[in-house]
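Please read this briefing alongside the sequence and the 3D view.

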Amino acid sequence: MTRVSMRVDGENYTDEVEPRTLLVHHLREALGKVGTVVGCDTSNCGSCTVHLDGQAVKSCTVLAVQADGAEVTTIEGISGDGGGLHPVQKAFHEMHGLQCGYCTPGMIMASIDLLKENPDPSDAEVREGIEGNLCRCTGYQNIVRAVQQAAGEMSSPDTLGAQA
């Protein structure tokens, strides 16, 4: 067993883990962060996307020991201080950017990362930005619309201070 310490969704955790434990399994099983979904076990779908030190990563491709000392943000940790929905979550809801919801946590995490890098993406740039995340239900158009709506809301002076 190996001791790891990480900050997850603003809280510090120290645990003993098997060196081969994937971050996604550690988050779900040891920390109860079940919003991080195990989708495919092959890193193809992106459902397990989290932010590791501010960058979107597929947590099924990262060992928990690799996250030692890191800051991890899961879908549970993106809401604002008041506990409300993040602008991307709100836009996914309002624009019907989900159907079964299985891919949604990873899509939202990838979209937040995209908007951090490109606050006003075109349709093509949104599609490129989320290309590592698969959705088998929506056809992506409403997801693209949701990301663009969130981009507009996040760049609004009224919401700049309220972002997570």
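Accessible areas come from the Shrake-Rupley method with a 1.4 Å probe, and for residues only the protein chains shown count as cover. On that basis the protein exposes about 8200 Å², of which carbon and sulfur atoms supply 47%. This is a predicted model, in which local features need pLDDT of at least 70 and side-chain atom pairs count only at pLDDT 80 or more, while totals for chains, interfaces and linings use all residues. Residues are numbered from 1 along each chain as its sequence is written, and side-chain values use heavy atoms, with hydrogens and water left out.

**Confidence**
- The average pLDDT (the predictor's confidence in each residue, from 0 to 100) is 92, and 95% of the residues score at least 70.
- Over residues 160-164 pLDDT stays under 50.
- Where pLDDT is low, the predicted coordinates should not be read in detail.

**Overall build**
- The protein has 5 helices and 5 strands; these are DSSP runs numbered from the N terminus, helices being H or I with at least four residues and strands E with at least two.
- Their order along the sequence is β-β-α-β-β-β-α-α-α-α.
- The C-alpha trace spans about 45 × 35 × 25 Å along its principal axes.
- Of the 164 residues, 43% count as buried, meaning under 20% relative accessible area, with exposed over 50% and partly exposed in between (1.4 Å probe, protein chains only).

**Helix H3**
- Helix H3 covers residues 104-117, has 14 residues and reaches 20 Å from its first C-alpha to its last.
- Because 12 of the 14 residues of H3 are buried, the helix is largely enclosed by the rest of the structure.
- Among the buried residues of H3 are Met107, Ile108 and Leu114.
- The packing partners of these buried residues include strand E3 (49-52), helix H2 (87-94) and helix H5 (141-155).

**Salt bridges**
- The structure holds 6 salt bridges, each a side-chain nitrogen of Lys or Arg within 4 Å of a carboxyl oxygen of Asp or Glu.
- Glu71 pairs with Arg7 in one of them, with the closest N and O atoms 3.8 Å apart.
- That pair links strand E5, which holds Glu71, to strand E1 (residues 2-8), which holds Arg7, across 64 residues.
- Lys33 and Asp9 form a salt bridge at 3.1 Å between the closest N and O atoms, and both residues are buried.
- Glu153 meets Lys90 in a salt bridge of 3.6 Å, N to O.
- Glu153 is in helix H5 and Lys90 in helix H2, 63 residues apart.

Terms used
The expected span of a helix is 1.5 Å times one less than its number of residues. Contact means heavy atoms within 4.5 Å.
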